[in-house]
Amino acid sequence: MTDLFLHNTLSRKKERFEPIEAARVRMYVCGPTVYDFAHIGNARPVVVFDTLYRLLKKLYPQVTYVRNITDVDDKIMARAKETGEPIESITTRTTKAFHDDMGALGALPPDIEPRATQYIRQMIELCELLIEKKHAYVAEGHVLFSVPSMPDYGKLSRRSRDELIAGARVDVAPYKKDPADFVLWKPSAEDQVGWDSPWGRGRPGWHIECSAMSKEHLGITFDIHGGGLDLIFPHHENEIAQSSCAHDGAPLSRYWVHNGFLTVNGEKMSKSLGNFFTVRELLAEAPGEALRLSLLNGHYRQPLDFTKDAMQKAKNTLDRWYGALRNARDVEAETLDPPHDFMLALLDDLNTPQAIAHIHEMVNELNKSTDAKERKRLKSEILSCGYYLGLLLQPIEDWFKWQPEGQGGLSDKEIEDHIAARLNARKTKNFAEADRIRDVLSDAGIVLEDSAGRTIWRRR
Ligand code: AMP
Ligand code: ZN
């Protein structure tokens with residue numbers, strides 16, 4: 001096996017990946033703020049880092065993947081105020097929906113999923129450490145990070161000081177010593193969530209949450225930190241500032257990996273622009289694997305324009321792939337490693353479009369091959385490639401039974417009853433009746449295939 005190469009945002013280069021400990025990889029990915037359903041743009045980092053996680057698990061004996069849940073945030077508080085639903089109920093309900101939706105996209109659960117509200121003590125301790133080291137100061141119930149106290153602040157985003165100030169869109173609050181300073185802790189009013197702290201009752205800023213949770217579970221310096229492009233500034237820049245300054249300059253993460261945006265007509269998909277589809281609504285129209293494939297069809301660092309047409313095309317591709325596997329039912333798959341070319345594509349900064357192209361070739365070969373030994377190898381290899389991409393994970397017959405929500409249509413049982421009746425009609429040589437049943441099924445969108453004395457079916 002050759003080495004893994006990853007594009008590191010810190011150096012803006014593809015670098016050979018070497019973990020700090022030879023046999024263990026530690027990865028942190030910023031997770032969702034739980035106040036609403038995830039949109040398909042939010043799913044992109046989940047699917048990308050799940051694919052990286054699957055690959056790392058193959059390459060290293062131990063991988064610790066931490067992805068947090070931000071369950072304290074002003075957006076959550078605003079939602080609670082607007083709807084009257086208690087915060088706890090919003091965050092619990094949304095976290096569950098997130099798990100269900102990401103599960104449907106074939107994402108493995110991370111090893112550890114810390115919730116911010118469970119780490120308030122650690123966040124306060126980090127603030128205290130930063131104050132002690134003169135990287136932070138207290139003003140009017142706030143704790144603020146002093147940006148001028150860190151000479152190399154901005155090295156991840158490579159912004160000039162003016163850009164930093166403009167980009168941070170920080171209010172030039174009177175209590176800030178420098179306009180670029182950012183909040184580590186802020187006071188809470190009586191009716192707002194808050195925790196007691198040395199600076200009065202308050203709540204953490206967003207950035208400090210990830211610094212505290214990653215330190216707790218992965219230590220001061222770990223291997224990979226991931227998230228979407230929009231997090232580079234200010235979120236990740238500020239995580240670096242907090243964590244490095246609290247630990248005498250030790251880096252927070254050695255590799256910074258960022259996925260590009262999912263776009264709609266070239267614009268970033270986002271809640272604020274209103275140009276989004278939730279994963280939930282898309283799952284009613286296409287199977288989770290089709291959604292996942294449509295996300296992996298582009299290289300993770302490139303922008304990817306999302307359309308329902310692309311989602312349908314991904315579904316058609318999977319129909320072809322599952323169809324080839326189904327036709328190869330004469331041979332049984334065994335556990336095999338994916339072919340070298342396929343692995344090489346993934347090892348090269350997670351080149352999923354190329355990895356997918358290899359699967360296409362293998363599917364074509366499988367469709368053509370008449371040699372049982374070769375068919376067995378191809379079937380096994382296609383399935384193992386699928387595993388690394390989080391695809392082809394369901395029983396083949398289940399894939400063909402999927403139907404869009406609210407379609408009515410015939411149930412699996414009704415279809416199977418019709419097929420049994422058709423078989424009986426044929427046995428008694430009542431071919432007119434058998435054909436009639438086939439037509440009924442066909443009109444209902446069910447395609448029959450007779451082979452080797454069996455009838456199999458799929459939804460069109
Ligand atoms: P948020 O809940 O907005 O903090 O986003 C959660 C994750 O989704 C972060 O890693 C974001 O960078 C990522 N994200 C949000 N919108 C998009 C998008 N349109 N395309 C790709 N990633 C996104
Ligand atoms: Zn974070």
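The zinc ion (ligand 2) is held at 2.0 to 2.3 Å by Cys-30 (SG), Cys-210 (SG), His-235 (NE2) and Glu-239 (OE). Donors here are N, O and S atoms within 2.8 Å of the metal (3.2 Å for Na, K and Ca), and since water is not among the atoms, sites may look incomplete. This is a predicted model, in which local features need pLDDT of at least 70 and side-chain atom pairs count only at pLDDT 80 or more, while totals for chains, interfaces and linings use all residues. Residues are numbered from 1 along each chain as its sequence is written, chains are lettered from A and ligands numbered from 1 in the order in which they are written, and side-chain values use heavy atoms, leaving out hydrogens and water.

**The zinc site**

- Along the sequence, the donor residues of the zinc ion (ligand 2) follow the spacing C-x179-C-x24-H-x3-E.
- The arrangement is irregular because the four donor atoms subtend angles of 77 to 129°.
- Four donors count as tetrahedral if all angles lie between 85 and 135 degrees; four count as square planar and six as octahedral if opposite donors are over 155 degrees apart and all others between 65 and 115; anything else is irregular.

- His-235 and Glu-239 sit four residues apart in helix H7 (residues 232–246), so about one helical turn separates them.
- Helices (H or I, at least four residues) are DSSP runs, numbered from the N terminus.
- An α-helix has 3.6 residues a turn, so residues three or four places apart point the same way.
- Both His-235 and Glu-239 are buried, where buried means under 20% relative accessible area, exposed over 50%, and partly exposed in between (1.4 Å probe, protein chains only).
- H7 is largely enclosed by the rest of the structure, because 14 of its 15 residues are buried.
- From first C-alpha to last, H7 reaches 20 Å, close to the 21 Å expected at 1.5 Å a residue; the expected span is 1.5 Å times one less than the number of residues.
- After H7 comes Asp-248, which has a positive phi, near 50°.

- The largest cavity has a volume of about 40 Å³.
- On a 1 Å grid over the protein atoms alone, a cavity is a set of points where a 1.4 Å probe fits but cannot get out, and a pocket is an open set with protein on both sides within 12 Å along at least five of seven lines; lining residues have an atom within 4 Å of a point.
- Grid points are joined across faces, edges and corners, and a volume is the space filled by probe spheres set on the points.
- The lining of the largest cavity includes Arg-44, Val-48 and Thr-51.
- Helix H1 (40–59) and helix H9 (288–296) each give at least two residues to this lining, with H1 supplying the largest share, three residues.
- H1 is mostly covered, with 16 of its 20 residues buried.

**The second largest pocket**

- About 310 Å³ of space lies in the second largest pocket.
- Of the 20 residues that line this pocket, Trp-402, Gln-403, Pro-404, Arg-459 and Arg-460 lie nearest its centre.
- Helix H10 (308–327) and helix H14 (396–401) are the elements that give two or more residues to its lining, and H10 gives the most, with four residues.
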